[in-house]
Amino acid sequence: MDLDSIKVTFFQECADQLAEVEQGFMTLQSDPEEVDCVHAIFRAIHSIKGGAGAFGFTELVEFAHKVENGLDVIRNEPDPGRDPRLDLIASACDQLSDVIAATRDGGEIPDTSDFVAKLSEAFAGDISDEPEPEIEFDAVPIDLTPLSLEEAAPAGTTHTINIKPTLAFYQRGNDVQKLARNLSELGELSVETDSSQVPNLSGFDSTKTYLCFTLRLTTESPDDEVSDIIEWCEGDCEITHSIDAPDGGASDDMPDLDNLLAGFESAEGDDDEAETSTGEEPEIALEAVTAPVAEIETLPSPEANLPSREAKEPTPAQKDKPATLKTSPTIRVESDRVDRLINLMGEAVISQAMLAQSLSTEMDNRDSPSQNMLREIERLMREIQESVMAIRAQPVKPVFMRMSRIVREACSHTGKKAVLALEGENTEVDTTVIEGLSDPLTHMIRNAIDHGIETPEDRRAKGKDEQGTIKLSACHQSGRIVVSVEDDGAGLNRERLVKKATEKGIIEPGAELSESEIDNLIFAPGFSTAEQLTDLSGRGVGMDVVRQSIQALGGRVSISSNPGHGTQIRLSLPLTLAILDGMVVRAADEVFIVPLSCVLETLSVAKENVHDIGGKPVVKVRDTLVPVINIAARLGFRTIDEMPEKATLLIVESQSGASAALLVDQFDGQQQFVIKSLEANFGRVSDVSAATILGTGRIALILDVDEILETALGLRQNNGSVLVMERAVA
Amino acid sequence: MTENHHSTREFIAFMVQGRQFCIDITSIREIRGWNDATKLPHVPDYVVGVVNLRGTILPIIDVSARFGLGDCKPSPQSVVIVAQVGDRMAGMLVDSVSDILQVAPDDIRDLPDMDTPVGAEYLRQVILHEDAIICEVLLENIISTTLQDAA
């Protein structure tokens with residue numbers, strides 16, 4: 001691995017850490033009691049700082065250090081989750097992410113002095129103005145040459161560290177052995193394990209921790225290097241750390257000790273004990289010096305228990321441990337490789353279906369060995385298919401998380417107050433869709449805060465909570481993913497929309513528009529209602545760009561607004577590569593797939609039971625009249641509304657709640673389908689959301705039930721113009 | 001290899017309604033027999049439908065209908081030329097593939113100002129080949145779905 005690729009890994013990890021930070025802030029927002037999040041944020045920032053130090057990114061290290069210091073103060077407060085300074089830290093983390101991006105791309109490092117000043121001001125009383133010895137990160141070049149025992153015994157200070165790990169310590173994959181190894185690089189170390197707390201087997205609880213460790217380190221390295229190592233596990237362990245310098249210079253170092261100890265909140269209770277034990281230190285130090293380093297290698301790992309105990313205790317702890325781990329290890333794979341796998345997979349599935357078909361015609365015996373084998377392959381293929389799809393699908397969460405930064409920034413620009421609420425952030429979508437979502441969402445959220453959410457004063461006057469809410473949600477619906485951005489602001493001002501649109505010549509003066517048509521004006525190119533142009537939105541490109549980029553992804557945008565109560569924008573996007581549960585139907589000799597999620601029921605109907613009301617066919621289902629849509633005629637595959645003698649009706653519901661009966665010739669059962677995009681080589685086709693490949697190798701179209709219903713029932717304008725427009729984008 | 005060979009370009013010649021056209025061989029991915037396509041709703045009549053090309057959805061364009069020469073009524077003898085423009089692929093339904101042409105640069109000429117039943121927007125240039133004059137089609141415009149049928 002050359003340095004560059006290590007750097008790449010570092011930046012990828014930075015991204016992960018930043019996501020962790022966002023997650024922490026999100027959780028704190030909804031539940032300030034979650035103090036663990038403050039620690040998690042702290043650890044993430046610390047990791048970034050550590051990695052940056054190793055590469056000598058000094059600007060990054062310095063800034064991260066400032067942020068970390070602030071956080072350190074906060075987390076030692078009695079109620080860290082409610083500390084008002086967390087907001088400042090959050091903005092600083094945004095800035096930090098910019099610094100990281102600039103460092104990665106070799107761009108100009110953004111000026112952080114502003115934040116540094118703010119941070120220093122906010123934490124002025126809590127951080128001593130010492131010249132930050134921790135910045136000397138270059139002092140930790142990883143030296144892999146083993147310590148030589150022959151060297152003269154170091155005459156440095158002796159650190160006594162008592163560790164009692166909690167369960168969380170092990171759950172995070174930490175290990176006392178690792179800690180000991182790191183410490184042993186600084187000097188000579190001896191470890192004692194206190195197993196007196198371990199109960200007999202009958203009382204043994206595998207989810208509790210019983211072992212305590214005493215690590216004694218004699219080192220010449222500065223004290224903060226030692227604390228840097230143990231700092232990692234502070235949150236998860238009870239740690240006491242005492243320092244004793246055998247030489248006369250000890251008293252000089254002592255003031256630092258207090259500073260160091262101040263950081264260990266969990267140590268406070270045990271401090272006295274540790275301090276008073278200093279009387280014994282010289283003797284211990286001596287012992288530590290003579291202890292061979294090799295001992296460390298044979299240090300019993302806490303999971304494995306002590307050798308002497310092993311006989312008495314079979315290893316329930318060991319056995320149970322993996323089950324308690326929260327995350328499994330991950331690997332990073334280029335998406336191209338996954339794409340290739342998926343394409344091959346698709347081909348294999350089709351070939352297998354074709355093989356099955358040719359075999360079944362040759363021999364009818366279902367129990368023949370080859371038929372059995374084929375069924376086995378079928379089962380395996382399905383499993384492989386699902387696993388491969390699961391690789392490609394990712395939760396939308398990372399993109400959603402990024403939006404909380406946008407909310408913060410937009411709020412600080414406009415002086416408004418808003419929080420982001422997420423829903424369905426674990427909805428899985430194909431990665432390409434996720435990538436394409438980021439920009440439109442950014443625009444929409446800025447817009448919602450800039451134009452939607454009112455100022456705190458206005459909101460108070462209206463009897464609303466001073467703080468607005470932007471709700472970002474995702475869900476699967478009819479084989480598409482629906483992402484909605486909803487604010488509880490003022491809603492659209494239709495009067496002003498019409499006025500502006502008329503002024504800009506987008507609509508004719510005096511044109512009669514329905515409410516939804518007026519709302520949709522905001523998507524018109526060159527439209528902006530902001531009376532004050534801000535640097536956030538209001539350049540009149542925002543919503544137009546949103547519409548275009550969503551259409552480029554094969555999606556649709558719709559808006560609904562409730563004056564005084566807020567606006568909701570819904571993006572309906574295809575799952576470019578995903579599996580869909582669908583019903584197979586036939587109409588006019590073609591096979592179509594209707595997403596199972598929108599089918600309420602199926603019934604067969606005789607021709608005479610379809611009635612005609614005002615030229616529109618309806619059918620009576622129990623006590624309600626349901627409009628009938630003849631699919632073959634609707635798609636233009638039958639010239640007139642001719643109808644077979646016996647037909648099947650699918651009662652379907654659109655996402656807006658409208659329902660209708662789709663009339664088809666025949667219903668052929670249900671199945672899972674791999675969704676194939678029509679957009680890739682062709683473009684959007686009205687009434688069709690995507691295509692799939694049947695077992696015969698033939699293509700079947702997946703019907704877009706929402707579009708069919710909404711245009712047929714007159715809820716949406718006829719698609720003629722939409723078709724041309726969407727084609728132009730595709 | 002001779003010098004001449006270097007600069008020679010190859011074209012595939014095909015027949016549509018008794019007329020010969022050609023296309024640069026480098027943009028052709030493969031040539032397939034005709035399989036029944038799945039019809040698409042609400043599309044111009046020159047879009048025959050879509051077929052499965054090893055897991056990819058391949059739209060099929062009826063070149064004859066596109067050129068305004070009438071529907072070609074696909075038969076088992078019809079041929080689909082799979083061509084690629086940028087990252088888009090499409091199949092062109094033609095009556096048959098007739099020849100592979102080796103053409104020297106001198107034999108490639110600009111499109112003359114002429115009145116043909118085929119709209120000039122679908123033609124790129126002309127090729128002189130053994131006394132015959134063959135038009136090279138402009139693939140981009142044939143498979144483009146944004147260009148409205150001008151013919």
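These legends describe close-up views of a predicted model. Residues are numbered from 1 along each chain as its sequence is written, chains are lettered from A in the order in which they are written, and side-chain values use heavy atoms, without hydrogens or water. Local features need pLDDT of at least 70 and side-chain atom pairs pLDDT 80 or more, while totals for chains, interfaces and linings use all residues.

**View 1. The interface of chain B and chain A.** Here 23 residues of chain B are in contact with 25 residues of chain A; contact means heavy atoms within 4.5 Å. The two chains bury about 2,300 Å² between them. Of that area, 59% is on carbon and sulfur atoms. Buried area is the accessible area (1.4 Å probe) that two parts lose on being put together, summed over both.

**View 2. The salt bridge between B:Asp36 and A:Arg698.** The rule finds one salt bridge across the interface of chain B and chain A. It requires a side-chain nitrogen of Lys or Arg within 4 Å of a carboxyl oxygen of Asp or Glu.

**View 3. The side of chain B that touches chain A.** β4(B) gives the most, with four residues. Strands (E, at least two residues) and helices (H or I, at least four) are DSSP runs, numbered from the N terminus.

**View 4. A stacked pair in chain A, A:Phe592 and A:Phe637.** The structure holds seven aromatic pairs over all chains. Rings of Phe, Tyr and Trp (its six-membered ring) pair if their centres lie within 6.5 Å; planes under 30 degrees apart count as stacked, over 60 as edge-to-face and the rest as tilted. These two ring centres are 6.1 Å apart and the planes stand at 20°, so the pair is stacked. A:Phe592 lies in strand β13 (residues 590–595), and A:Phe637 in the loop between α23 (631–634) and β18 (646–653), so the pair ties together parts 45 residues apart in sequence. A:Phe592 counts as buried at 1% relative accessibility. A:Phe637 also counts as buried, at 14%. Buried means under 20% relative accessible area, exposed over 50%, partly exposed in between (1.4 Å probe, protein chains only).

**View 5. An aromatic cluster in chain B.** B:Phe14, B:Phe21, B:Phe67 and B:Tyr122 form one cluster. Chain B has three helices and 11 strands. Buried residues make up 48% of its 151 residues.
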